[in-house]
Amino acid sequence: MNPTRIQRRRIRGWRAPEGVVYVGRGSRWGNPWAYRTRTALARVPALDGSAWEIETRISSHDRPHPYRHPDGRITDHHVRYMTRAECVELYRTALIRPTDRIRIPQGHDDRPRLTVEDVRRELAGRDLMCWCPPTVECHADVLLAIANGPEEYVR
């Protein structure tokens with residue numbers, strides 16, 4: 001049977017199945033970019049012209065952000081919360097391409113960086129548990145795919 005993601009619950013009498021690994025926030029596997037919080041703010045459009053990029057200097061959603069470039073140009077951007085999909089994609093990118101200079105949110109940057117080898121060694125064949133409903137995208141899906149998927153997934 002393939003490993004799956006299980007939703008953790010706060011229901012009287014509910015117990016996590018035996019052998020499941022908790023990968024939510026607070027664990028070493030947790031996604032530091034928390035949906036709809038200041039750790040997951042995006043600048044739109046990105047400075048390089050792409051659709052969005054993480055914004056680590058501004059701490060509020062739905063704000064204009066004029067950016068002053070080193071050459072003196074000013075470009076207008078908007079700051080918004082990242083979508084769930086963007087939070088998950090940023091987690092995936094930070095995990096499989098640690099050489100990319102993705103800034104880890106303050107408070108999470110003191111943890112050792114996870115590697116693909118860590119995920120495969122410790123999570124392969126295990127069910128994973130977090131608080132996300134099974135109908136939404138979640139970083140646990142990334143961990144499951146890396147731990148149990150083909151080598152090509154991480155390229």
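H2 is followed by Gly-125, whose phi is positive, near 80 degrees. The model is a predicted one.

**Helix H2**

- H2 spans residues 116-123, and its buried residues are Val-116, Asp-118, Val-119 and Leu-123.
- These residues lie on the same side of H2, because they cover an arc of only 160 degrees around the axis.
- An α-helix has 3.6 residues a turn, so residues three or four places apart point the same way.
- Glu-117 and Arg-121 are exposed, on the face of H2 turned away from its buried side.
- The cover over the buried residues of H2 includes two helices, H1 (84-96) and H3 (139-148).
- Strands E2 (21-22) and E7 (128-130) are also among the elements that cover them.

**Strand E3 and its partners**

- E3 (residues 41-44) pairs with E6 (residues 74-81) in the antiparallel sense, over four bridges.
- Within this pairing, Arg-43 has Val-79 of E6 as its bridge partner.
- E3 also pairs with E4 (residues 53-54), again in the antiparallel sense, over two bridges.
- Here Ala-42 has Ile-54 of E4 as its bridge partner.

**Cysteines**

- The disulfide count is zero.
- For Cys-130, the closest cysteine sulfur is in Cys-138, 3.2 Å away.
- Cys-130 is buried, with a relative accessible area of 2%.
- Cys-138 also counts as buried, at 2% relative accessibility.

Key: Residues are numbered from 1 along each chain as its sequence is written. This is a predicted model: local features need pLDDT of at least 70, side-chain atom pairs count only at pLDDT 80 or more; totals for chains, interfaces and linings use all residues. Side-chain values use heavy atoms; hydrogens and water are left out. Two strands pair if DSSP finds at least two bridges between them. Buried means under 20% relative accessible area, exposed over 50%, partly exposed in between (1.4 Å probe, protein chains only). The arc is that of the directions from the helix axis to the C-beta atoms. Contact means heavy atoms within 4.5 Å. A disulfide is a pair of cysteine sulfur atoms within 2.5 Å.
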